[in-house]
Amino acid sequence: MEPTVSTMGCNASADYGKFRYNETAIKATVLIQRWYRCKRAQLEMRRRYSLAIFQSIEYADEQEQTQLSSFFTFMLEHYVHRDEGAHTSTSSHVSPGADLHVTAYEKISVPDSYHGPRLSFPLTLAQAKALLNAFKNQQLLHARYVLQLLCETRRVLKEKPNITHVSVSYFKEITICGDLHGNLDDLLLVFHKNGLPSENNPYVFNGDFVDRGKNSMEILIILFAFLLIYPNDFHLNRGNHEDYVLNLKYGFTREVLKKYKHLIQEYVLQAHGRTILYHLQDIFSWLPLATLINNKVLIVHGGISDTTDLDLLKSLERNKLKTLMKLPKSETDRKNRMTTQGISSSGCTELSPSSSHPELTEKERKQVLDILWSDPKKQLGCVPNRRRGGGCCFGPDTTEQLLERYQLKMLIRSHQFKPDGYDLTHDGKVITIFSASNYYEEGSNRGAYIRMNPELVPRFVQYQVCTCTDRQKNWERVKTIEESALQTLQEKIFVHKLLLTETFAKYDCNSTGRIPVSHWAAAMESVLQLALPWRTLKSRLVKTDPDGQVDYMSTFHYTDVARPTRQVQPTLVETLCKYRRDLQMIFNIMDEDQSGLISPDEFRKMWKIFSSHLGIHSQDAAIDKLARSIDYNKDDYIDFNEFLEAFHVVHKAETKAA
């Protein structure tokens with residue numbers, strides 16, 4: 001074999017130069033790809049920890065709410081049910097001696113100046129379309145029609161079983177939607193993409209229609225309207241937020257009272273908002289608890305537990321459970337006695353007797369609590385859901401046991417934020433569907449719904465309502481979400497300032513103001529209990545020395561209260577910030593005319609009621625001084641909304657040093 005001879009010359013030199021050029025180009029390409037992947041990974045990490053912050057704080061708020069459930073039950077019974085008879089006989093237009101839920105809505109006249117939709121019953125599809133168009137244009141449905149719609153809805157819901165059985169025939173699919181949380185644009189987008197409900201286009205909406213968003217009332221009106229038009233093809237499940245106690249904290253109560261605040265009727269000022277809420281409290285209790293498709297697919301809002309009994313769920317009287325935030329009667333009585341004893345010295349009247357309506361047994365109550373509040377987990381077993389404060393965390397073995405026991409194929413649930421709008425777990429046998437896009441912040445997540453064919457094969461449709469994020473680059477969207485999440489976290493940190501400072505000091509034996517990162521992270525988790533990656537968040541929350549030590553007081557450097565409060569003791573400032581939203585709930589209960597004004601004496605009374613329940617110790621002199629200082633114009637009334645803003649945590653516009 002003859003050897004191959006390479007000819008050296010100009011051509012060889014050109015080939016070598018080309019080879020060197022290609023090698024350089026390849027190296028540059030590899031470096032660019034490596035940089036790009038690194039940046040994408042960093043963005044994804046920032047996005048994930050931002051969403052983790054939002055979700056951890058959301059669960060912590062729910063946990064606090066369940067811990068305060070006995071107190072708010074007491075407040076509702078003390079301030080609302082006490083005057084229920086007088087209230088319903090006047091502003092509610094309830095006929096004396098008649099069924100309290102049959103409202104004489106025809107006594108409410110609709111003025112000629114009203115240009116919104118006018119409803120007549122039975123409803124038609126044309127009227128439902130008119131409602132959709134009106135709400136797109138931000139019109140309000142008149143209280144007269146709202147009350148009539150609620151009465152008709154209650155009548156239909158009373159005929160529904162606890163578990164609705166739905167059959168999907170071979171010529172149509174069924175659509176399943178998850179949480180909407182007051183996001184009307186999401187509902188409108190679903191109907192635009194998927195078509196309006198009809199006999200050939202059935203829907204299941206799986207609870208949490210209300211709270212958080214600003215259009216919960218409009219969503220309920222639309223859903224109830226289609227329920228009346230297609231009672232056999234449009235199905236609603238109850239969610240954990242279809243609960244009047246939760247509505248006080250998470251916005252729905254305030255929304256209704258604001259939208260239906262006052263109406264002049266025969267020279268008398270009528271407040272229909274409270275009447276609407278009163279009827280909704282009952283309607284929520286009549287919502288079915290679950291839906292079963294072809295006896296194979298179970299749909300519940302939250303999940304299951306190892307004690308879930310579908311036969312028991314079918315037989316219990318669901319309308320007896322107005323709220324899950326109320327403790328069992330024996331426990332409630334004990335706590336109410338403690339609360340009453342705690343406030344009797346403050347001059348409040350004694351607790352009025354609670355409602356005489358029979359309650360569910362504790363076993364029945366737990367069945368409902370588990371299906372409305374539970375979450376799936378990857379590990380085996382079933383344990384209490386401590387993150388939320390209610391329900392269970394159930395593993396794949398619990399799912400398998402329930403599916404085998406009732407010969408089911410899969411479980412569909414909602415209740416849980418998912419970045420992509422849906423999630424599959426337990427080998428695809430548990431599906432989570434979440435239909436509220438932009439839940440935490442615009443651009444934070446997609447919404448989704450399920451299209452299920454007669455073979456019970458799910459198909460997921462994703463969407464996202466966009467106003468400005470479609471014009472933003474990916475890094476800009478992540479930055480917006482991250483900044484919002486960090487601000488929310490910094491507010492949470494600020495309201496625990498005193499306890500965090502004490503915990504930091506325990507690690508700082510020499511009083512240097514500096515502690516190791518590990519100790520700082522341990523202190524943050526021990527106080528806040530949010531299960532967050534504190535080491536990753538360190539550069540965004542605190543200042544560090546070149547040697548890696550944390551200046552722990554810089555944890556609070558970027559937040560403060562909205563208005564300087566030198567006259568108030570620091571512990572009281574922190575407490576007012578921490579329980580600001582809970583005080584707002586109490587005020588909404590007490591402020592019957594929704595004027596936004598209370599007297600300094602009422603403010604003192606409100607604070608004493610709340611502090612006595614929680615065991616918060618504050619000096620009476622400090623409370624009195626605070627009450628006087630809030631009354632800026634000295635008219636003997638406190639603008640409570642202004643007070644809330646005064647104790648809102650704000651963020652200093654300073655550059656954060658790493």
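This is a predicted model: local features need pLDDT of at least 70, side-chain atom pairs count only at pLDDT 80 or more; totals for chains, interfaces and linings use all residues.
Visitor: How many helices and strands does the protein chain have?
Guide: Welcome! The chain has 658 residues, and 53% of them count as buried. Its secondary structure comes to 23 helices and 23 strands.

Visitor: Is Leu 227 buried or exposed?
Guide: Leu 227 is found in helix H7, residues 216-229. Leaving aside residues up to four places away in sequence, Leu 227 touches Thr 153, Val 156, Leu 157, Lys 160, Phe 234 and Leu 236. Its relative accessible area is 1%. Buried means under 20%, so Leu 227 is buried.

Visitor: How many disulfides does a search of the whole structure find?
Guide: A disulfide is a covalent bond between the sulfur atoms of two cysteines. Take Cys 393, where the closest cysteine sulfur, in Cys 392, is 7.7 Å away, too far for a bond. Cys 393 still counts as buried, at 18% relative accessibility. For the whole structure, the number of disulfides found is 0.

Visitor: Which strands pair with S14, and in which sense does each pair run?
Guide: Strands of a sheet pair through backbone hydrogen bonds, either parallel or antiparallel. On one hand, Ile 412 stands opposite Ile 431 in S14, and on the other, Thr 425 has Val 430 in S14 as its bridge partner. By 3 bridges S14 is joined to strand S12 (residues 410-413), running parallel, and by 4 bridges to strand S13 (residues 422-425), running antiparallel.

Visitor: Which residues of S14 point one way, and which the other?
Guide: In a regular strand the side chains alternate between the two faces of the sheet. Strand S14 covers residues 430-433, and these four are all buried. One way point Val 430 and Thr 432, and the other way Ile 431 and Ile 433.

Visitor: Which residue takes a positive phi in the hairpin of S13 and S14?
Guide: That hairpin has 4 residues between the strands. The positive phi is near 55°, and the residue that takes it is His 426.

Visitor: Which residues are closest to the centre of the largest cavity?
Guide: A search of the whole structure finds 4 cavities of 30 Å³ or more. About 70 Å³ of space lies in the largest one. Of the 15 residues that line this cavity, the closest to its centre are Glu 58, Asp 179, Arg 388, His 415 and Tyr 439.

Notes: Residues are numbered from 1 along each chain as its sequence is written. Side-chain values use heavy atoms; hydrogens and water are left out. A disulfide is a pair of cysteine sulfur atoms within 2.5 Å. Buried means under 20% relative accessible area, exposed over 50%, partly exposed in between (1.4 Å probe, protein chains only). Helices (H or I, at least four residues) and strands (E, at least two) are DSSP runs, numbered from the N terminus. Two strands pair if DSSP finds at least two bridges between them. Contact means heavy atoms within 4.5 Å. On a 1 Å grid over the protein atoms alone, a cavity is a set of points where a 1.4 Å probe fits but cannot get out, and a pocket is an open set with protein on both sides within 12 Å along at least five of seven lines; lining residues have an atom within 4 Å of a point. Grid points are joined across faces, edges and corners, and a volume is the space filled by probe spheres set on the points.
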